[in-house]
Amino acid sequence: MVNYDKIIFELSAPGRKGYSLPSDNYHTDGFKDIPSDLLRKQEADLPEVNELDVVRHYTNLSNKNFGVDTGFYPLGSCTMKYNPKINEELCSLPEFTSLHPLQDENSVQGALELYWNLQKMLSEIAGLEEFTLNPYAGAHGELTGLLVMKKYHESRGDFKRTKVIVPDSAHGTNPASAMVAGFEVVEVKSKPNGSIDVEDLKPLLDDTVAGIMMTNPNTLGMFETEIVEIAKLVHDAGGLLYYDGANLNPLLGKVRPGDMGFDIMHINLHKTFSTPHGGGGPGSGPVGVASHLTKHLPNPRVVKDENDKFHILSDNKDTLGNISSFMGNFGVMMRAYAYILSLGKENIKNVGPLSTLNANYIKESLKDDFLLPIEGVCKHEFVFDGLKDKSTGVTTLNVAKRLLDYGFHAPTIYFPLLFHESMMIEPTETESKDTLDRFIEVMHKIAEEAREMPEVVKDAPVNTIVRKLDETTAAKNPILKYKDLTEV
Ligand SMILES: *Cc1c(COP(=O)(O)O)cnc(C)c1O
């Protein structure tokens, strides 16, 4: 039997082919225009395989992967929700995929219209004046937004503002982006209920603070009820408020960051607005700003003139500069555009309540077996601090691995850092009650196993393609090149 676990080079047999091409066109005449010094001197060392073997090889490889299309993926802070297939179809249309970023603007009016419309939709959703779609990811959006913040202070001749305040519960990219943008990071503490401690914030606010980075609901899934006071304190101190809008589903069409007092934000189109992501997949992190900051947005920009014609402009003298070689990830924008239009103004309001309902349903159903450090209604996600009964030594990592045996992706674990055994669960709005019930049943079962036969949980996973990995070595010394293991 052919072993498709073999790497494609190992399936190779001399002389086997997966194609037949007319020899004339491609072997003799076809090459006549290529300068001889550019022609290959010897045959490329490619695997020799037939088409069926190639199809089976890649299909089997894809089956070893876990994705949203394979099973439930409750990865907190990542919004791994269903991505409607019609969006994939739309962004694969050749009219769009064959566009070139250097094409004359007259020949890409439709694409620019989509870009401009999406800017406007995001502005309305966010309650901010204007958006740029140029950044390629959430973290890239954070950097762009922080550079807007810097440019704003510097344009007023205020060079003292070197600090950015970041809550201890923040996503790791927040302090990292602030550092990359050249700021010093100052941490503000969270209260036991997970929200920012306003009393801890007050003494930090002086004329060296450029701004604060927050997300609301915060990383623990709790709504910051003191946001209006926080906004006033930061603004009174001369700082700006940055909103990390990577996961915007809980407040879509309900609450707007601009109305809460935020000046700058980014949105992850690839989490909130439908694009399969994870594993470094395609991203887009548009940045929106309030009216006093629009002149600092990056070049190029898309604008509409009085004759409804669209233009790509780079004439903005107060801009922070260019942050991408062209204008961002168009395919991701197309999916977001299709997603927003297909939901419409009315239905987009259901996203938040559904994601909130799903998260609270799981939380309340499991809190007898898992330790819930923060009580109360959460928004789209929440955090358990491991099993309630830790006496048998079963950890969050063990539970996460055991979930894989039952066909579920693990939640986000050991983040946020506020708790020792964090398990951050985000079901998203697209899961049915049946799926949630099955997940709840399995989580109860694992808790029971942890009590009665803990070794089974500690040994997990047993049903997966690979068993428990040495993740540190895998991250630090990955083997990325083909290696014939039979020869080692
Ligand atoms: C995912 C995420 C980011 C970073 O987004 P990338 O596209 O991965 O760079 C930032 N903040 C939060 C809260 C996130 O969930």
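Because the model is predicted, local features are given only where pLDDT is at least 70 and side-chain atom pairs only at pLDDT 80 or more, whereas totals for chains, interfaces and linings use all residues. Residues are numbered from 1 along each chain as its sequence is written, and side-chain values use heavy atoms, with hydrogens and water left out.

The ligand is surrounded by 13 residues, of which Ser77, Gly138, Asp244, His270 and Lys271 are the closest; a residue is counted here if one of its heavy atoms lies within 4 Å of the ligand. By residue type, this shell divides into three nonpolar, seven polar and three charged residues, where Ala, Val, Leu, Ile, Met, Phe, Trp, Tyr, Cys and Pro count as nonpolar, Asp, Glu, Lys and Arg as charged, and the others, Gly among them, as polar. Helix H6 (138-155) and helix H11 (269-272) each supply at least two residues of the shell, and H6 gives the most, with three residues. Helices (H or I, at least four residues) and strands (E, at least two) are DSSP runs, numbered from the N terminus.

A backbone N or O atom of Ser77 lies 2.5 Å from an oxygen atom of the ligand, while a polar side-chain atom of Asp244 is placed 2.6 Å from a ligand nitrogen atom. For His171, an N or O atom of the side chain is 3.5 Å from a nitrogen atom of the ligand. Taken alone the ligand exposes 380 Å², and the protein buries 84% of that; these accessible areas come from the Shrake-Rupley method with a 1.4 Å probe, and for residues only the protein chains shown count as cover.

Helix H2 (residues 51-63), by contrast, has 13 residues and reaches 18 Å from its first C-alpha to its last, close to the 18 Å expected. At the start of H2, a side-chain oxygen of Asn50 comes to within 3.3 Å of the backbone nitrogen of Leu52.

Helix H5 (residues 109-126) has 18 residues and reaches 25 Å, close to the 26 Å expected. Since 13 of these 18 residues are buried, H5 is largely enclosed by the rest of the structure; buried means under 20% relative accessible area, exposed over 50%, and partly exposed in between (1.4 Å probe, protein chains only). Tyr115 is found in H5 and counts as buried at 2% relative accessibility. H5 is followed by Gly127, whose phi is positive, near 70 degrees.

The peptide bond from Asn299 to Pro300 is cis, with omega near -15 degrees, and Pro300 has its place in the loop between strand S7 (287-289) and strand S8 (301-304). A cis peptide bond also runs from Phe415 to Pro416, with omega near 0 degrees, and Pro416 lies in the loop between strand S11 (412-413) and strand S12 (422-425). Tyr414, placed in the loop between S11 and S12, has a phi near 55 degrees, a positive value in a residue other than glycine, and is partly exposed, with a relative accessible area of 32%. Thr428 lies in the loop between S12 and helix H14 (433-452); its phi is near 70 degrees, again positive in a residue other than glycine, and at 0% relative accessibility Thr428 counts as buried.

Notes. A polar contact is a pair of N or O atoms within 3.5 Å; within protein, one must be able to donate a hydrogen and the other to accept it, and residues adjacent in sequence count only if both atoms are side-chain atoms. The expected span of a helix is 1.5 Å times one less than its number of residues.
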